[in-house]
Amino acid sequence: MLTDLLTLNFLESLLSGMMRISTPLLLAALGELITERGGVLNLGVEGTMLVGAFTGFVVSFYTGNLYVGICAAMVAGGLLSLLMAFMTCTLKLDQIVSGLALNIFGGGLAFYGYRVAFQNVGSKNLPTITTFDQVSIPVLSKIPVIGPVFFDQHLLTYVAILLVPLLAWFLYKTVPGLTLRCIGENPRAVDMRGIGVVRYQYGAVMFGGMMSGLAGAYLTEAAAGLFVPDIAAGRGWIAIAIVIFGGWRPIPILFAALFFGLLDSFQLQVQGIGIRFPYQILLALPYVLTILAIVLRGTRTGEPISLGIPYLREKS
Amino acid sequence: MTNPNPRDTGRAEQGSALSGAPDTGCEKEVSSILLRVDDLSKRFGAVQANDHVSFEVRKGEIHCLLGENGAGKSTMAECLYGTYQPDGGSIYFKGRQIRLTSPRDAINLGIGMVHQHFVLVPPMNVIENIIIGTQKKGLFLRTEEAEKKIQRLCDEYGIDLDIHAPIKELSVSQQQWTEILKALYVGVDLLILDEPTAVLTPQEIMALFRTVKKMAEQGLSVILITHKFSEVLEVSDRITVLRKGKLIGTVETRSINDRELARMMVGRDVIFRVEKEEVKPGELVLELDGVTLRNSQKMKKLDNIHLQIRRHEILGLAGVGGNGQRSLYNAIIGISPLDEGRILLCEEDLAKKSVADRMMACLAGIPEDRIKQGLLMDFSVKESLLLGRHNRPPFSRFGWLCKKKIREFAERSIANYEIAVQNGDVRTGTLSGGNLQKVILARELAHDPCCVVASQPTRGLDVGAIEYVHRRLLDLRREGAGILLISEDLDELFNLSDRLAVIYKGRIMGVFDVNDVTREKVGLLMAGISE
Amino acid sequence: MKIGTLHLEKRTHVSWYVQGFSILIALAGAFGVGALLIMTTGASVGEAYAALFKGAFGSRNAFLETLVQSTPLILTGLAMVVAFRARVWNIGAEGQFFAGAMAAAWVSMTLHDDLSGPLLLAAVLVAAMLAGACWAMIAAYCKIRFNANIIIVTVMMNYIILFLLSYLLSNTWREPGSYFMQTARFERITYLPRFFSSRLHLGFFNALIASVLVYVLVWKTSLGYSIRAVGVNPVASQFKGIQIKRTILTVMLISGALAGLAGGGEIAGLQHRLRLDISTGYGYTGIIIALLGRLNPVGVALAAIFFGALVNGSTHMQIFTGVPVALVQSLQGIVLIFLLMSDVLTRYRIRRTPHAD
């Protein structure tokens, strides 16, 4: 009997953890999906997440309002990605190098900002904020197992899940969605029809930046309640990998993000149970998994043809 | 401006004076002129692409813009479509001066363009490609109405197309029809076609011209851009000739012949048939025996190819682009391993030989895309000439580059091949198309190959460069090389080849002595129709 | 690209003068933004920058310490030069650095009785290079065999090796009786010699020698030609017989070895024990160094010294003006971005659009 309960409890914790852990991954991945569908490869997700995490944290700390923090984080992410859009879509700089630069810049800014905002902190009195409460959906959250897992989560988790069908509808059923997808495959085809390609790309890149900022805000405002310089811990890169693994389509991306979340959650649960196992192996699991995912998806079907190639109207 | 019925516009306005026309520079009957280009100029850096060009197009007229590669025809077209903005001069459309800042303006006015290199989105289907940018109202995609309208246009003009098929599954000619439908769908009064026949079989060309003539009868004006004056005489009403960016003149088609036209185009008498000596073919140099190649989806790109090339011989290979020519080139060069069959060079099986080995063994390849597949544009000419031989003597000893030898080779090549550069240190990217091809020739032919595979060697070159390449190929033939000439230009093939083969969907449809076969028959075989 | 009545026209050739000018503009812009950041702390910009400069170059010791800080950066910068010249985006220098450090530590801990003198030091550094090369090879294999995105794989490897190190430092390699995750201090004979009675160690001179070797490799050898050709046009290279996969592998091995050498040098020349925090992002900074130095060994050396100066001077700046050391990390990112943008100046010139009549 006890073992049965343990198992059910374990399952519930496992899946609940899965939802929480995949939320920032999903938010960032969905943002990057739109960016890449527009033909722009934005590798600066990690740096943008850090900027969002820091901004959300510091604004929440000083205003006492978590929602203001989230908005600030999205604005910060949007501004950083505006820079990226300017470099890649207007100046037509190399997208890989620009994205890497954005990472370094964003990370540096977040770190510096934190040091300036909280000048006299040691590791003993780290500033914290009260994080978001989880939001229970009435009735549904009472269903055994499924209830707490799917209907008693943070607001941002619901937002992330709902974004999936919303973005799918946008991409495949609307006029701007079709246009965006065509830009990612052959921007010249769209330009020659008289549509402003650069405008769409700016929009796509900034949406991605806002999502990454939001994902970062989740890390500080919903998950940890504090900020450390490496709070993203590579999640930005994993989000990019999720887009590849999900074949640039919203629903497979959802499942990929959940899968990553599931494995990371499993690792946490196992630690909690106290199996004698080098915990570092478990910590490394998401990263090893990302490599495996990339390797298995080698034949990249679904990759937008013009991804990473700056569009120049005059070929000379 | 969505014009559901292009026919009506033309007929209704024909014969009536247009209102509010500031176009006073026109002396003829104003009402019949649809487009007037006045003193238009456009420069790109150091190159004057269009130099004070003026011409006009009447309603319902098929007007050809004729000129060799580099004459400025495409630039003019892009200025008329709003892609480029002219530096000087003006454009009058329907009697009013227009200023186009982007293709959007052109489309709104009723000007459409089919580009030489298609601008289609391969994973999407025909309907999606056509409706991009056309739905002005509403967020939701409304494909049903579009579908009906497109189908109606297809029926009306006799276009045979599965509009639900993704572009990547369509043939080249079907893709071109998709491009034309894009313009017809939004309704145009002026349609610009940029080199539309470059990629079609003779039969497809005739079908295209039939449809174009029908459109013109219904009041649509067409500007046909081409460098092939044989076609020009067949289909046009008037011809405007450009040379090196300047206007040479506008003539009525019925009052000129091809010789005069060619002289206008090039500025001197053009030799139509090269002086091809009678040479007896020698021993076998290259043999393809049952060569089969599959792609990643297990489809055959090359299907049981049997070909033989002898010394002192040019074997031409005709075919519409995309029927296996690239795979054939890659297989012979050594990039794509064969699934079945053998390739023998001077009796030796090439199976174990890498790309580099084959070059050593007297094989040379002139690639289809000289920039993407042949040259290092950011490197100096000296370094581009080195590619492929950078790790062998005399240019490299024990892994070390021998600067002196490299420089000497560059100097020799520039002299021998008359490459128009100061020295070998100039950046490769600054050279013109013809000179780029000379660099490739200098590099590939330096080691006296016994077998040369040339893929589209004169594509995009001006007449002077074309003549140069043809001369070099004939020299090679005389000196004992065997040449496989892969080309989409039937004139070139008939001019140079001793024997002619046709490829269709990866299969050789036939090999003939060039004197024993007609263009029509070749055209049918290119389309896969054998008797 | 158009802004109002101006537009950008491609330059036909780029002179040294224009390139140098663009770098100066980038630096000026970066320090300008840096000034804004300094102002947020309330400190005086002039004092802060003066303290920064004084800390970096103000005395003989300061200057030598700047060189010490630049040593690993020269090597990781060179590692990126080799990789980026072939357009192989090896972002794993950080992990390869740690691999080298771990190998150096292992040799120091296990072989200090068996080998002596120069032989031991050579073993330490060679092991570091081999380890870096091997760690890089894993990512190279993923790219070559599976066409996996090498950027993501190398970044993931950076995290994975830290967990490996963490495990080792908590268990078999932990200093006996210590709370901290670190090894015991290594024996004196494993130390690289130091010079000028300062902390400047042999590693700096190794880095300079490596610069020369990289220059020779990339511009004077056939292999270097292949590397550059693949970076400029892999299709044409393949059509002319260059084996792309072999080139990628070679480049990753060399790149990894250089990054590993950086790690080994830090251990044997400076730290003398292995901890988790022996790197302040040297691998990632190497990317900026390589781009600032325009993928050229001389430029890399100069850029590395510049960044070494920033790092060295920043501690002085924090002590005297209170501006956090973290400013340097931001500055690095800002310099890179300004450099990328000013690069546009070298490619284009600004022209007035002529009015169409």
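Trainee: How many residues does the contact take from chain A, and how many from chain B?

Mentor: It takes 19 residues from chain A and 20 from chain B. Two residues are in contact if their C-beta atoms, placed from the backbone, lie within 7 Å. This is a predicted model: local features need pLDDT of at least 70, side-chain atom pairs count only at pLDDT 80 or more, and totals for chains, interfaces and linings use all residues. Residues are numbered from 1 along each chain as its sequence is written, while chains are lettered from A and ligands numbered from 1 in the order in which they are written.

Trainee: Which element gives the largest share of the side of chain A that touches chain B?

Mentor: Helix H7 (175-185) of chain A and helix H8 (187-191) of chain A each give two or more residues to that side. H7(A) has the largest share, 5 residues. Helices here are DSSP runs of H or I with at least four residues, strands are runs of E with at least two, and both are numbered from the N terminus.

Trainee: What classes of residue does that side have?

Mentor: The side of chain A that touches chain B has 8 nonpolar, 5 polar and 6 charged residues. Ala, Val, Leu, Ile, Met, Phe, Trp, Tyr, Cys and Pro count as nonpolar; Asp, Glu, Lys and Arg as charged; the others, Gly among them, as polar.

Trainee: What does the contact between chains C and A take from each chain?

Mentor: It takes 37 residues from chain C and 34 from chain A. H13(C) gives the most to the chain C side, with 11 residues. That side divides into 28 nonpolar, 9 polar and no charged residues.

Trainee: What makes helix H8 (residues 222-232) of chain C largely enclosed?

Mentor: A residue is buried if 20 or more other C-beta atoms lie within 10 Å of its own, exposed if 12 or fewer, and partly exposed in between; C-beta atoms are placed from the backbone. In H8(C), 11 of the 11 residues are buried, so the helix is largely enclosed by the rest of the structure. Tyr225(C) and Arg228(C) are among them.

Trainee: Why is strand S7 (residues 190-194) of chain B called largely enclosed?

Mentor: Its count is 5 buried of 5, so the rest of the structure largely encloses it. Leu190(B), Ile192(B) and Asp194(B) point one way, Leu191(B) and Leu193(B) the other.

Trainee: How do you know which strands S7(B) pairs with?

Mentor: Two strands pair if DSSP finds at least two bridges between them. S7(B) has 4 bridges with strand S6 (residues 111-114) of chain B, in the parallel sense. Val114(B) stands opposite Leu193(B) there. With strand S8 (residues 221-226) of chain B, S7(B) has 5 bridges, also parallel. Ile192(B) stands opposite Ile223(B) in S8(B).

Trainee: What hand has the β-α-β unit of S7(B), helix H7 (residues 202-217) of chain B and S8(B)?

Mentor: Right-handed. With the strands pointing away from the viewer, the path from the first strand over the helix to the second runs clockwise in such a crossover.

Trainee: What makes S12 and S15 of chain B edge strands?

Mentor: The open sheet has the order S12-S11-S14-S15 (chain B). Strand S12 (300-310) and strand S15 (348-349) of chain B each pair on one side only.
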